[in-house]
Amino acid sequence: YPNLNMPYPRAKRKQYQQVQPPQNDWLDRLARFNIHFGRFLRDTLGVLLLALALMSVLALWNATQGLLLTPWATLLRIWFGWGSYLVIFGIGYGGFIILRRKDNPFGWGRLIALELASFLTLGLLAVMGGNSILRAEAGQDGGQLGWGLATLAWMPAGSVVGTLILFVLWCLSLMSGFGGWAWLENYLLRLAGEASHLAQDVAPVVEETKEKKPKPVPRKKTE
């Protein structure tokens with residue numbers, strides 16, 4: 001018989017180590033880099049964009065030339081025509097937005113609406129110049145992009161209806177980009193509020209006039 005007093009060997013317990021999820025080291029490094037150098041990089045990018053806008057304007061005016069500026073100015077003239085100044089304004093304004101230290105950034109919806117309005121402006125410039133491909137290739141009116149947009153609008157509906165469509169879309173894009181819908185809504189609400197107040201003020205006056213209306217005097221019977 002086995003010895004009952006003999007101790008039995010204990011089963012070894014397995015030790016489970018807690019598995020930690022893998023950490024995104026590159027995200028942490030990017031966050032730390034943004035904290036230390038993000039402001040400096042944004043300022044540098046804003047200054048570069050402003051400098052590019054200024055040099056582009058000088059190149060369009062033929063006031064300066066360079067190995068990169070001259071082809072850049074030629075590209076702007078051929079593709080955008082007179083709308084090149086809109087492109088340069090967008091570049092400069094982008095640099096200004098990056099440089100300003102405000103917590104309320106420009107909304108992406110309004111930015112896309114302004115870009116669409118600028119694109120439609122090229123088509124309207126081409127329409128005002130007669131939608132000539134020769135003028136577009138010479139860097140006039142809306143350039144080749146404006147000529148292509150006007151031609152595309154004229155193909156299904158004709159010149160008059162196509163131009164009207166471009167103009168309506170341009171107006172809607174401008175209103176969306178500059179917050180015109182909010183202004184129109186506030187104006188209509190204010191107008192409706194003034195009308196309701198006017199109706200409330202007129203109602204007591206009408207009741208008072210009804211109360212003060214003289215009663216007709218009965219006629220005496222003649223014998």
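**Exercise 1. Which residues make the nonpolar surface patch of about 820 Å²?**

Before starting, note the ground rules. This is a predicted model: local features need pLDDT of at least 70, side-chain atom pairs count only at pLDDT 80 or more, and totals for chains, interfaces and linings use all residues. Residues are numbered from 1 along each chain as its sequence is written, and side-chain values use heavy atoms, with hydrogens and water left out.

*Solution.* 
- Step 1: apply the patch rule. Residues need over 30% relative accessible area and no salt bridge, and nonpolar side chains (Val, Leu, Ile, Met, Phe, Trp, Tyr) are joined within 5 Å. A salt bridge puts a side-chain nitrogen of Lys or Arg within 4 Å of a carboxyl oxygen of Asp or Glu. Areas come from the Shrake-Rupley method with a 1.4 Å probe.
- Step 2: list the members. They are Val160, Val161, Leu164, Ile165, Phe167, Val168, Leu169, Leu172 and Trp181.
- Step 3: assign them. Helix H6 gives the most, with eight residues. Helices are DSSP runs (H or I, at least four residues), numbered from the N terminus.
- Step 4: check one member. Valine 168 lies in H6. Its 41% relative accessibility makes it partly exposed, a class between buried (under 20%) and exposed (over 50%).

**Exercise 2. Describe helix H4 and its packing.**

*Solution.* 
- Step 1: take the length. H4 covers residues 108-128, 21 residues in total.
- Step 2: compare spans. From first C-alpha to last, H4 reaches 30 Å, close to the 30 Å expected at 1.5 Å a residue. The expected span is 1.5 Å times one less than the number of residues.
- Step 3: find the buried residues. Among them are Ala113, Ala117, Leu120 and Leu124.
- Step 4: find their partners. The buried residues pack against helices H2 (69-80), H3 (84-99) and H6 (143-177); contact means heavy atoms within 4.5 Å.
- Step 5: look past the end. Glycine 130 follows H4, with a positive phi near 90°.

**Exercise 3. Is aspartate 141 buried or exposed, and what does its side chain meet?**

*Solution.* 
- Step 1: locate aspartate 141. It sits in the loop between helix H5 (133-137) and H6.
- Step 2: classify. Aspartate 141 is buried because its relative accessibility is 4%.
- Step 3: find the polar partner. Its side chain makes a polar contact with that of arginine 135, at 2.7 Å. Such a contact is a pair of N or O atoms within 3.5 Å; within protein, one must be able to donate a hydrogen and the other to accept it, and residues adjacent in sequence count only if both atoms are side-chain atoms.
- Step 4: Leaving aside neighbours within four places in sequence, aspartate 141 contacts residues including Trp82, Leu125 and Ala126.

Key: Helix = DSSP H or I, 4+ residues; strand = E, 2+ residues; numbered from the N terminus. Buried < 20%, exposed > 50% of the residue type's maximum accessible area, 1.4 Å probe, protein only. Patch = residues over 30% accessible without salt bridge, like charges linked within 9 Å, V, L, I, M, F, W, Y side chains within 5 Å.
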